[in-house]
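Q: I am new to this structure and would like to learn how to read its features one at a time. Could we go through them together, starting with how strands are paired?

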Amino acid sequence: MAAFKDAILAGLVAALLALPMLGFHLGDSAQGLQLETHLELVPLAAAIVFAGRLALNLAAPWLAKWKDRAPAGKPKLETGVSRRPLYIGIAMAAAALILPLTPWGDRNILDKATLVLIYVMLGWGLNIVVGLAGLLVLGYAAFYAVGAYAFAILSQMGFSFWQCLPISGAVAALFGLLVGFPVLRLRGDYLAIVTLGFGEIIRVILLNWASFTGGPNGISSIPRPSFFGMPMTASSPGHTTFHEFFDIPFSPVQRIVLLYYVILLLALVTNLVSLRIRRLPVGRAWDALREDEIACRSLGINPTSTKLSAFALGTAFAGFAGCFFATRQGFISPESFSFIESAVILAIVVLGGMGSQTGVVLAAILLVGLPEWFRDLAQYRMIAFGGAMVLIMLWRPKGLLAGRTPTIRLNKGDAA
Amino acid sequence: MNAPLLQVENLTMRFGGLIAINDLSLTARQNEITGIIGPNGAGKTTFFNCVTGFYKPTEGRLTLTPPDGGTWPLQAMQGFRIAKKARVARTFQNIRLFPGMTVLENLLVAQHNRLMAASAFSIAGLFGLKSYRKAEAEAVEKSRQWLARIGLEKSADLPAGSLPYGAQRRLEIARAMCTDPVLLCLDEPAAGLNPKESLELNDLLLDIRQTSKIGLLLIEHDMSVVMKISDHVVVLDYGARIAAGTPEQVRHDPNVIRAYLGADEDEPLPAVVAKDLGEQ
Ligand SMILES: Nc1ncnc2c1ncn2[C@@H]1O[C@H](COP(=O)(O)OP(=O)(O)OP(=O)(O)O)[C@@H](O)[C@H]1O
Ligand SMILES: [Mg+2]
């Protein structure tokens, strides 16, 4: 009976909410704006919520039993972690490597895979800062923007993609250091708010410093990457183009394949560096700082420089990704680096399970790949996006693949 | 008499109107265990926080003179520099391990500065150069020896937070020792230990003094630990030194008895307190 009452209450609340949200609608008609009423939607919404709530209430005992059966919320003591994640990782990398050669590797799929890979790389980069060092950064897209604009502006002076790639990373890392130095003494929420503010500042500067950044119009005709100096165009006066050199017919797909491999390479480098650095002294110090900063100081670890190194490394990868983004789009504007970008990247890291490399890939596919494929669903895309996030948080509150693997083992025999 | 290691001169620490440490002077010597006792709130932990740079003393000087030369004015140094350069290590009253990291990782983090230099600030480490691999192997070996010493070799790959309380205390001491300190400050290491573990701890601390030849500062409430293993005891009350000397001298000092009792000097000691002070 309590279940029934609760469901009625939920239905009433839904009706109240639905009345202004669904019941009335401003329509654009020939007579100008007009108020349309859809009162029939209100009881419908209430009925749906009522039924759903009732079902949930009735299923509650069963759900509770199922939850008990599932592994408890606290992390398992990992005594014998298998090497499965490693094999999965290698398999995924191999699959990504041969994708363009397979029948599925058409232009459309490669384009979307490239987009997903950008976010995988950004996720891995942010994971260094958030997952490994435990610094909650909400303005990561700002560093992505810095990398993109660094390349775009330099390219107007005649520099090529490959020349600018390291520069973009270095400039983004420099910005990371500049922002990080004063704010890293803040903790948790405060750091998040300051970096959020920084993200907005960068965007506003990009919008308003029109003489330098092109303002809202952005920067266009950014050069594409070349293949060892050979442009990927149909013809290029004074240069041997890619298809001429290999004596194959020109096809625009070649450029897409090249872009795909470039981002795959960049992402894999990001991954390898983060996997390795976790096992280095600095990586362990990040872990330790996240767990107990006071204990770290008592062991002679400099908290500021250690955190700054995570910041610099993470933002450098954002810079590389930004440089790639600019060359892929050929055009950038401040719109591409709004807060929602930072939020999506952070969501990828958190949903993937902080610190998990494979989790980031899965979350990127889920959050970036699937919405791209379901573009036809138009506005329902975002509902699905939100729904997916809610489901993941219910089902795996610590992220898709949570859990920490030790960086080193003493009793090697016990492992495996 | 051993050479002085830490000289504290007129140390005062104020928190607003509260004087936690009041004009404290004392000397801790190399190769000696200096016990620090006092009632709750006497300022013992605050003293440690001043020595290890977590608090900046309001007044006074703290001078460390390690056996290998040099002098370090601790009152003017930042916390992590005191641990790194002056090599003062400490444990905490409420254990501060890295609970999610494994036991071995805890000990490796303690060797951070040496490993960091060996990894050439991560460059050599990133490329897996031999020089770094060698340094890491040495660090692991050193950790293994410490784990054997505290009987935790089998638990090396378990999260530190999953260890029983007594083991966590020992691990925290081993972690502090892995920084190669010249002065080790222990804040109530026997708190929460059972009598057997407490005895083992005594042996461990005596063993550390014996083999590492370093100075130890030991805050302890458990008189059976302090009185038995300290070479020298300093008694604090309301932030001031009220007595100092060998355990035997301190035990009979009327000021100490009064501080612990809050009673008149000429009243006889209740049996339970006499026992607490180690009186036979
Ligand atoms: N950061 C601080 N701010 C204000 N007061 C402090 C601070 N730290 C310590 N105190 C005060 O200083 C006094 C001494 O505290 P301290 O922790 O040093 O005592 P203690 O001798 O270690 O006691 P216990 O035996 O309970 O550990 C107490 O009155 C305490 O409240
Ligand atoms: Mg204390």
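A: Let us begin with a single pair of residues, keeping in mind that this is a predicted model. Ser29(A) stands opposite Gly32(A) in E2(A), and Leu26(A) likewise stands opposite Leu35(A) in that strand.

Q: Which strands does the pairing in chain A join, and in which sense do they run?
A: Strands of a sheet pair through backbone hydrogen bonds, in either the parallel or the antiparallel sense. Here strand E1 (residues 24–29) of chain A and strand E2 (residues 32–37) of chain A run antiparallel and are joined by six bridges, while the link from E1(A) to E2(A) is a hairpin through two residues.

Q: What is the strand order of the four-stranded sheet in chain B, and how do its strands pair?
A: The order is E2-E1-E4-E5 (chain B), in an open sheet with antiparallel pairing. Strand E2 (18–29) and strand E5 (72–73) of chain B are at the edges with a single partner strand each, so each has one side without a neighbour in the sheet. Helix H1 (residues 44–51) of chain B packs on this sheet, where it touches strand E1 (4–15), E2 and E4 of chain B, and its direction makes about 115 degrees with that of E1(B).

Q: How many bridges join E1(B) and E4(B), and how many join E4(B) to E5(B)?
A: E1(B) and E4(B) pair over five bridges in the antiparallel sense, and within that pairing Arg61(B) in E4(B) is the bridge partner of Glu9(B). Strand E4 (residues 59–64) of chain B is joined to E5(B) by two bridges, again with the strands running antiparallel.

Q: What is the order of the six-stranded sheet, and what kind of pairing does it have?
A: This open sheet of chain B has the order E6-E7-E8-E3-E9-E10, and its pairing is mixed. Its edge strands are strand E6 (88–90) and strand E10 (240–245) of chain B, each of which pairs on one side only. From one strand to the next, the twist averages 20 degrees.

Q: In which sense do E3 and E8 of chain B pair, and which helix packs on the sheet?
A: Strand E3 (residues 33–37) and strand E8 (residues 215–219) of chain B pair in the parallel sense, over four bridges, and Leu218(B) in E8(B) is the bridge partner of Gly35(B). Helix H8 (residues 195–212) of chain B packs on the sheet, touching E3, strand E7 (183–187) and E8 of chain B, with its direction at about 155 degrees to that of E8(B).

Q: How much area is buried between chain B and chain A?
A: The size of an interface is often given as the accessible area that is lost when the parts come together. Between chain B and chain A about 3,300 Å² is buried, with carbon and sulfur atoms giving 66% of that area. In chain B, the residues that lose the most area to chain A are Phe80(B), Leu126(B) and Asp157(B), which together account for 18% of what that side buries. The contact takes 43 residues from chain B and 33 residues from chain A.

Q: How many salt bridges and how many residue pairs in polar contact are there between the two chains?
A: There are two salt bridges between chain B and chain A, along with six residue pairs in polar contact. One of the salt bridges is formed by Glu136(B) with Arg284(A), whose closest N and O atoms are 3.2 Å apart. By class, the side of chain B that touches chain A has 22 nonpolar, eleven polar and ten charged residues.

Q: How many salt bridges are there over all chains, and what does the one between Arg53(A) and Asp6(A) tie together?
A: The count over all chains comes to 19 salt bridges. Among them, Arg53(A) forms one with Asp6(A), and the closest N and O atoms are 2.6 Å apart. Arg53(A) lies in helix H2 (residues 41–69) of chain A and Asp6(A) in helix H1 (residues 2–23) of chain A, so this pair ties together parts that are 47 residues apart in sequence.

Methods: Residues are numbered from 1 along each chain as its sequence is written. Chains are lettered from A and ligands numbered from 1 in the order in which they are written. This is a predicted model: local features need pLDDT of at least 70, side-chain atom pairs count only at pLDDT 80 or more; totals for chains, interfaces and linings use all residues. Side-chain values use heavy atoms; hydrogens and water are left out. Two strands pair if DSSP finds at least two bridges between them. Contact means heavy atoms within 4.5 Å. Axes are lines fitted to C-alpha atoms, for helices over the stretch in contact, and angles run from 0 to 180 degrees between N-to-C directions. Buried area is the accessible area (1.4 Å probe) that two parts lose on being put together, summed over both. A salt bridge is a side-chain nitrogen of Lys or Arg within 4 Å of a carboxyl oxygen of Asp or Glu. A polar contact is a pair of N or O atoms within 3.5 Å; within protein, one must be able to donate a hydrogen and the other to accept it, and residues adjacent in sequence count only if both atoms are side-chain atoms. Ala, Val, Leu, Ile, Met, Phe, Trp, Tyr, Cys and Pro count as nonpolar, Asp, Glu, Lys and Arg as charged, and the others, Gly among them, as polar.
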